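Biologist: I would like a close look at one part of this model. Please keep it brisk.

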Amino acid sequence: MATPHDEVLAAQEAHLRGLDDADERTIFDKIVAKEIPATILYEDALAMAFRDVNPQAKTHFLVIPKIRAGLTRLSKATEEHKTLLGHLMYTASVVAKQENLDAGYRCVINDGVEGCQSVYHLHVHVIGGQQLSWPPG
Ligand code: TR5
């Protein structure tokens with residue numbers, strides 16, 4: 001399991017490599033194209049959910065738009081993304097039910113280097129399956 005320190009380093013490295021403003025394909029585009037394997041939990045025309053490779057809790061999955069459509073990060077959202085953003089949140093709730101997270105869970109979107117984002121393809125983290133604490137660091 002990656003430590004919080006590893007996650008900060010990954011975010012800082014992505015920032016130093018200029019990925020936060022880049023338009024290149026990400027690892028998540030390759031998962032959507034099935035070029036790289038992932039444990040896919042849900043898929044429809046707009047969204048995909050798959051297990052995080054470095055889970056931060058008993059259950060940890062990501063919900064992404066299948067087509068990034070300019071949404072490298074939440075702060076790039078425009079009016080035209082409103083429906084897609086709603087769909088991602090709804091999908092998070094559908095998959096959380098499917099994963100039996102009835103006692104609760106947390107949805108997180110990391111934005112930019114200070115938000116600890118390392119993959120610049122918008123994604124909602126859904127974590128649960130155990131008692132979580134607050135606040136995050
Ligand atoms: O730090 P942010 O918010 O950008 O989150 C990126 C997340 O992507 C992290 O929680 C990583 O563990 C996760 N990640 C990274 C890779 C990956 C993945 N989840 C599933 N499958 C993955 N593959 C195949 N490759 C990765 N590099």
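In β3, which residue is the bridge partner of A47?

Modeller: The bridge partner of A47 in β3 is P65. The model is predicted: local features need pLDDT of at least 70, side-chain atom pairs count only at pLDDT 80 or more, and totals for chains, interfaces and linings use all residues. Residues are numbered from 1 along each chain as its sequence is written.

Strands here are DSSP runs (E, at least two residues), numbered from the N terminus. β3 covers residues 59–65. Two strands pair if DSSP finds at least two bridges between them. Strand β2 (residues 47–51) runs antiparallel to β3, joined by five bridges. β5 also pairs with β3 in the antiparallel sense, over five bridges. There, T59 stands opposite G128.

Now burial. A residue is buried if 20 or more other C-beta atoms, placed from the backbone, lie within 10 Å of its own. Seven of the seven β3 residues are buried, so the strand is largely enclosed by the rest of the structure. T59, F61, V63 and P65 point one way. H60, L62 and I64 point the other way.

L62, V63 and I64 are in contact with H123, as is F28, leaving aside neighbours of H123 within four places in sequence. Contact means C-beta atoms, placed from the backbone, within 7 Å. H123 sits in the loop between β4 (105–108) and β5 (124–128). H123 counts as buried because it has 26 C-beta neighbours inside 10 Å. An unreviewed UniProt entry annotates H123 as "active site". Such annotations may be inferred rather than shown by experiment; positions follow the numbering used here, and feature names are shortened.

Key: Helices (H or I, at least four residues) and strands (E, at least two) are DSSP runs, numbered from the N terminus. A residue is buried if 20 or more other C-beta atoms lie within 10 Å of its own, exposed if 12 or fewer, and partly exposed in between; C-beta atoms are placed from the backbone. Two residues are in contact if their C-beta atoms, placed from the backbone, lie within 7 Å.
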